[in-house]
Amino acid sequence: MSMLRIFSPLLLAVLLVSALADDAPKPPEPLYETRAEHDRNGIGKFFMGREIAHVMGHQAADWLERPEREEEERTDLLIESLKLREGEVVADIGCGSGYISRKIAKKTGPTGVIYGVEIQQEMLDLLMKRMAMFRITTVKPILGTITDPKLPPASCDTMIMVDVYHEFDFPYEMIQNMIAGLKPGGRIVFVEYRKEDPAVPIKEVHKMSETQVKKEMTAHPALEYAETIATLPRQHIIIFKKKAGDK
Ligand SMILES: C[S@@+](CC[C@H](N)C(=O)[O-])C[C@H]1O[C@@H](n2cnc3c(N)ncnc32)[C@H](O)[C@@H]1O
């Protein structure tokens, strides 16, 4: 009888913990789905109902540096809204030719570090050429893979993806590996063209809704939603944080 009295609360606690663990969000299974019928700008591979877009080739890098970009995207407002501090360690994931990296570098100053992560070596060559042109020495190039940004573990305060996430061939694996590179409490920033707005002149698979970004992040229990900033003319800024207790 006395044994029962000791064990029943213990048993209850075990049952409760396992029930809670079962409630924890899980990645979908299978992770990806391929469909024969799909958008011609997409790769026919779907993650949580969304078609993944083709990667923008380095041949189109001039588009990233177009003079009208500032007016269209107001990257000045984007950078201001991030409230970057001097000395911060930032990863610019899918940095392209470094249009965003060099604006970040101004904010993080001489003691900051910006990891420019790319899967195309040609983009990294352009990035370093431009950084030399602007005499910026705090940007470090990293050649990642389609599943792994190859960042030092728990090294970054902020990771930013400007018009990038929707192109990830393996979004689940990429975000998992990005989380490993974030300091606890660090931020992951999504800047994506608003799918909710038909007036935004971008191909459908290159846009994302806020609901879809949030839905896909439920597959990563280490992240918590922080905020959405709606100051940009065409994109949302959606921010998640790595939970403080997560390594
Ligand atoms: C549309 S461009 C945006 C470039 C830059 N963020 C900007 O706003 O100027 C998207 C870039 O993401 C890169 N990319 C796509 N998948 C990637 C991945 N898994 N890891 C790193 N970069 C990736 C592509 O190579 C391409 O250069």
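A residue is called buried here if 20 or more other C-beta atoms lie within 10 Å of its own, exposed if 12 or fewer do, and partly exposed in between, with C-beta atoms placed from the backbone. Helices (H or I, at least four residues) and strands (E, at least two) are DSSP runs, numbered from the N terminus. The structure is a predicted model, in which local features need pLDDT of at least 70 and side-chain atom pairs count only at pLDDT 80 or more, while totals for chains, interfaces and linings use all residues. Residues are numbered from 1 along each chain as its sequence is written.

The protein chain contains eight helices and 11 strands, and buried residues make up 32% of its 247 residues.

The buried residues are Tyr 99, Ile 100, Ser 101, Arg 102, Ile 104, Ala 105 and Thr 108. Gly 109, with a positive phi near 70 degrees, follows α5.

Turning to the strands, two of them pair if DSSP finds at least two bridges between them. Strand β7 (residues 156-162) is mostly covered, with six of its seven residues buried. β7 pairs in the parallel sense with strand β4 (residues 89-93) over three bridges, where Thr 158 of β7 is the bridge partner of Val 90. β7 also pairs in the parallel sense with strand β8 (residues 182-194), over six bridges, and here Ile 160 stands opposite Val 189 in β8. From β7 the chain crosses through helix α7 (residues 171-181) to β8 in a right-handed β-α-β crossover (with the strands pointing away from the viewer, the path from the first strand over the helix to the second runs clockwise).

A separate look at β1, β2 and β3 shows an open, antiparallel sheet in the order β1-β2-β3. β1 (32-34) and β3 (50-53) stand at the edges with a single partner strand each, so one side of each lacks a neighbour in the sheet. Three bridges join β1 to β2 (residues 42-47), and Tyr 32 stands opposite Phe 47 in β2.
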